Amino acid sequence: MIDWLAFLAVAVATLVGAVVVVGLYSLGVRLYAVSIDGNVPATRAAKFSAYACFAACALTVLYGIYLIIPAFHH
Amino acid sequence: MDFTFMVVLVIALALFFDFTNGFHDTANAMATPIATGAIKPKTAVGIAAVLNLVGAFLSTEVAKTISGGIIKEGHGGISITPELIFAGLLGAVLWNLITWLRGLPSSSSHALFGGLIGAVIVGTWGFSAVNFSVVLSKVILPAILAPAIAGGVAYLCTRLAYAMTRRTHPDSGDKLVQKRGGFRYGQVFSSSLVALAHGTNDAQKTMGVITLVLISAGAQHAGTGPQLWVIGACALAIAGGTYAGGWRIIRTLGSGLTDVKPAQGFAAETSTAAAILASSHLGFALSTTHVASGSVVGSGLGRTGSTVRWGAIGKISLGWLFTLPASAVVGGLAALLSSKEHGLGTVGLIIGAVLGLAAIIFIFVVSQRDVVDHSNAISEVDIVGGAVRIPSRKERERLAAKARAMEKAATKAAAKEGQR
């Protein structure tokens, strides 16, 4: 009667989704902070990685939205 | 003629409910980025309105939960009439407006379910028309579990965000400049995501009700989803409410926000959005207010040195518990008045409608006359934020110094003990 599996699915989806998005964004913020320290030779690499993290974060969100739109899964 | 007029009346009331839902909830999504100055208020409200509109079109799973399951509709089941749905909606709208006026935390969704259930129980004179197992599994349990899930995830995410961006000097271990400014911009996106999620869940509830009316009036087959014009109308109503109400609330909001830091807010909003989107996909009609509140509490706990004010949480939970039965009583009374067997029939319906309209106008007038201060303008989620006490840096330092002193005294005492 009560679909406990569905609740578990919501919990897991929430956990995975939020942790991935927050994790990627935090990594981006960290790398960006490193990139504007200035005196480190790895500045450019850090900046590039930071932007890559932000992009990956955005893609994760878009993929998540894509998953829940029924129109795409007929 | 009379019949179609009834259907139009119910649809109008349903769309009005959608509108109140929109202005009740704008601040939940957009209050934080406005407070941190990441977006201008007018832009924020506009973005929230547009995303609510888009979200309403994305998924209609929640609408199907309401139109086909909670109340046994159509052939074979007990047929419910547009009059009953009208009574239920009246209960929901009134409860929604009263709580908004008094600044009480409440959920538009629970008001809607309460009103409908109350009306159907009274109108059909029995409990058999309500599918209580569906109510339990798709309304009551999600209402308890979703905020808990969102809160737990928000706690973990806040911990994660702070841990990943904590910068200390590799040799001395001193704190470096943290440079967490990026989260302020991140909040623009996480808040937008909450607004979108709001559209996928809250706009659906009205769609479900209108579809239920159309089914009960015989204009649509039982078991089918909402029609396109219904989706469009509901999306526009909730977007309009978001824009109108948001503007009004935010104009008076000022600096009354609780102390939510960008990194914390980002974690909380991402968790809220993820929980609502996942639930919407499975057709759980949950309260976005409750989920957002759960996340704010969770993320507050994730910050260093915070304590929970359980008393405040208890008070808020009590308000949550009241919503469903209270609107059920109002919906039931309206249904009793318009019932053909036990009440006054059509005359009762008209009396109910006039009384309801008078109450709505009265509430509107009072809200205009009242000075709109933080008690009714501030978002419910921000009130919940007050339930977690986060000491300021000075307080934390004082606490740490106190702990050190206590430790010193303890070692001294131990040493003395050893000497003896």
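**Figure 1. Burial of Tyr25(A) in the predicted model.** In this predicted model, Tyr25(A) has a relative accessibility of 9% and therefore counts as buried, the limit being under 20%. Phe54(A), by contrast, is partly exposed, with a relative accessible area of 21%.

**Figure 2. The ring pair of Tyr25(A) and Phe54(A).** Eight aromatic pairs are found over all chains when the whole structure is searched. In the pair of Tyr25(A) and Phe54(A), the ring centres lie 4.8 Å apart and the planes meet at 50 degrees, so the arrangement is tilted.

**Figure 3. The ring pair of Tyr25(A) and Phe183(B).** The centres of these two rings are 5.7 Å apart and their planes stand at 40 degrees, so this pair is tilted. Because Tyr25(A) lies in helix α1 of chain A and Phe183(B) in helix α7 (residues 182-216) of chain B, the pair joins two chains. Phe183(B) counts as buried, at 0% relative accessibility.

**Figure 4. The aromatic cluster.** Tyr25(A), Phe54(A), Phe183(B) and Phe266(B) are linked into a cluster by ring pairs.

**Figure 5. Chain B as the setting of Phe183(B) and Phe266(B)****.** Chain B contains 15 helices and two strands. Of its 420 residues, 55% are buried. Among the contacts in chain B with a separation of 6 or more, 84% are between residues 24 or more positions apart. Chain B has an accessible surface of about 18,100 Å², and carbon and sulfur atoms account for 67% of that area.

How values were computed
Residues numbered from 1 in each chain as written. Chains lettered and ligands numbered in written order. Predicted model: local features only at pLDDT ≥ 70, side-chain atom pairs only at ≥ 80, totals over all residues. Heavy atoms only, no water. Helix = DSSP H or I, 4+ residues; strand = E, 2+ residues; numbered from the N terminus. Buried < 20%, exposed > 50% of the residue type's maximum accessible area, 1.4 Å probe, protein only. Contact = heavy atoms within 4.5 Å. Areas by Shrake-Rupley, 256 points an atom, 1.4 Å probe, with all protein chains shown as cover. Phe/Tyr/Trp six-rings, centres within 6.5 Å; stacked < 30°, edge-to-face > 60°.
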